[in-house]
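Let's take a walk through a protein chain together. Keep the structure open beside you as you read.

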Amino acid sequence: MRLCVLFVVLITTVTARYMTNEVKYADSDFMVKQKAIFEIFANIWQPEIHNSYYDEAKNFNYLTIKDKITNEHAFECFSNCYEKGFIGMEDIFSPLQKEHNHQMLAVFKMLYYAKDWDAFYNFMVWARFNINPGMFIQAVTMAVLHRDDFAGYILPAIYEISPYYFFNSYVITKARRIEMMGYESMEKVGNVHTYTIPMNYTNYYIKTNPESKLAYFMEDMGLNSYYYYWNMDYYGYLGGDQYDLKKDRRGEFYMYQIRQILARYYLERLSVGLGEIPEINFWSTINTGYTSNLMFYNGVNFPTRTNYYMMHLNSDNSRYVDHLFGLERRIFDAIDSGYFLKPNGEKMMLDKPESIEYLGNLIQNNKDTMGNTYFYGLLETFGRKLLSGSFESIESFTRIPGVMELFETAMRDPMFYVFYKRITFFYEAFINKMPRYKKSDLVFDGVKFESVEMDKLLTYFDMFTADITNAVDVALDTQDNIKSKVEFKAQVPRLNHVPFNVHMKLTSNKVQKAVITMFVGPKYDSFGKYIDFTQNRNNYWEIDRWIVDLKKGANVIDRKSTEFSWFVKDRTTYYELYKGLMTAINGGDKFPLDMSEAHCGFPSRLMLPRGRVGGLPVQFFFMVYPYHAPSVERFTGFDPSVSCGVGSGARYLDSMPFGYPFNRQFEYHFKLTENMILHETFIHHKANDEIMVPY
Ligand SMILES: *[C@@H]1O[C@H](CO)[C@@H](O)[C@H](O)[C@H]1NC(C)=O
């Protein structure tokens, strides 16, 4: 236990931030707005609560802001939806359901096109009491993330806004039961009544099948939040010049993210003794079921998919399985014939490695695709709906969505990875047609990677606490500042690791700018067979890529895991954020806009797979290659100390393909070039008697 305390100290004293080290603080105007954003999300799931916002909402009519909505079409669309009627406050919002999504976008666009803060604020306050909370949360989240003038605003973590999608019904029910007993039954910390509820992952309660071993990974809050925010940033229905997402190579990024998720997941599987990610045939039995133990706000349970499920026999879905099959065929045909069809029937070529951008957009079928959206269809949406195992037909309006149908919960289900692996087959089919990397493509003349040393890699579980107060309704007349009176917390073990250093030696024949990239992959497959470098391509998980200034001669480079630029630390709890803001408003310590917790970063706790007590053999791959400046200089058009720069076209450090050099195949008999090096080591896991996480 003493060891753990030390780790915590180490972790909290580092200051690395997503892409930057600068910290900005909120000014008073900013804080007023930030306060409203925090307060509007407090108890957001409770349809009615008589605070001051409620009174404001009552006196608001959306027609009064008509001329403050800068996009006429957006206003009209909302107005039409409103007259027709939105889904009810206690209905279950399901973003993959066409009409739900249409309504959500109508709300989002009112917020996005609101001319000034007042219009945004008034509409948001009104919508909080009049629009379904699930829909409201997604619309406001997307509006805050996508409005350029909102850079820096902090949203509470999604798992604290919507605890229903992250904490099981045992925890939610327990919190509600405690609340019924009155706050007096709760311990008081300072002025705040506090209650902490421990939680375990689903496999503590039920072992559904061998895949349940990974519940601690698949149900990790940071992992699921990361996926959620990625989808909010690059939401398929946003596209075109207004959002500029295509500037960020969104199609290529989509494929890369999927490949990264799978590589990371495979390392976790090997850690617990599971083998390859299985493959499926839509027409045969799906052996792996999943039950989440989650429930929606209204008390309805998430559907369970039993083991040995058959998609096509469920709810007459068989014609949809046919359709899904058809969509896949069309994409394979496009790849194999080297082009896809645009809406007007013209050909769009897929003939060079960069065409991956168009292929990614086509598969996601997002608004920036140049393909015929009807012909290529919503493959991912269809697949997730069919696999999710909900009872009603996928087109039913009243269908209860399964975990794979919500962005907050999709990664819990083992079938999510199986389906994503299937999507990577498109990538492989495409890459198969592209030239293989030759030695001459990858060498870096005059630069040599001499050696790498790394600290011992050690993972462990520690306790993580989140604020789940939003899962508990409060008395109707609760006045403002509810967040400062009572706090329910959930406590759950999470994978973590001891920070480590990487010590590298390189030589260069001249002074030059270069890029170093670092991946980790398995050494053996689940049968204990050594995986050859060229065969391991898809299994490498990229953990860092950064720019270095090489000197002439010997170079010694040290890199700390806490500096890896893609990772972020755990979020400050909603309660602490709110408290910090109120302190700043009242003249105390300033409120930091902290990019060390940026929504777009991957949880640093999950950087390394669990490994094994006796050590999981892995190989780290390093490569140094010449710096190729991106077409727009990095961080142009946005401030990296407050923003992730989504849609700026200036997020990436160089112009190389994502995942380079593993984005393409290597020539047969490829040998590592001098600017590459493999470092073999082990990832150890430290068992802890006090925090048991079964697998
Ligand atoms: C969680 O698991 C541990 C053992 O791993 C057990 O002692 C504890 O009672 C469990 N708690 C809950 C709430 O399930």
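We begin with the whole chain, then visit a sheet, a helix and the ligand.

First, a word on the source: this is a predicted model, in which local features need pLDDT of at least 70 and side-chain atom pairs count only at pLDDT 80 or more, while totals for chains, interfaces and linings use all residues. Residues are numbered from 1 along each chain as its sequence is written.

Start with the overall form. The radius of gyration, taken over C-alpha atoms, is 25 Å for this chain of 695 residues, which agrees with the value near 26 Å that a compact globule would have; the rule for such a globule is 2.2 Å times the number of residues to the power 0.38. Along the principal axes, the C-alpha atoms fill a box of roughly 70 × 65 × 50 Å. Of the 695 residues, 46% count as buried, where buried means that 20 or more other C-beta atoms, placed from the backbone, lie within 10 Å of the residue's own. Two residues are in contact if their C-beta atoms, placed from the backbone, lie within 7 Å. Among the contacts with a separation of 6 or more, 79% are between residues 24 or more positions apart.

Eight strands form an open sheet with mixed pairing, in the order 2-3-8-7-17-16-10-11. Strands pair if DSSP finds at least two bridges between them. At the edges are strand 2 (187-189) and strand 11 (541-550), each pairing on one side only.

Three bridges join strand 7 to strand 17 (residues 676-685), and the two run parallel. Here Leu-458 has His-684 as its bridge partner. Strand 7 is also joined to strand 8 (residues 486-497), by nine bridges, and this pair runs antiparallel. Phe-461 stands opposite Leu-495 in strand 8.

Next, find helix 15 (residues 356-364). How many of its residues are buried? Nine of its nine residues are buried, including Tyr-358 and Glu-357. After helix 15 comes Asn-365, with a positive phi near 55°.

Finally, visit the ligand. Around the ligand are Pro-198, Met-199, Asn-200, Tyr-204 and Met-692, each with its C-beta atom, placed from the backbone, within 6 Å of the ligand.

Key: Helices (H or I, at least four residues) and strands (E, at least two) are DSSP runs, numbered from the N terminus. A residue is buried if 20 or more other C-beta atoms lie within 10 Å of its own, exposed if 12 or fewer, and partly exposed in between; C-beta atoms are placed from the backbone.
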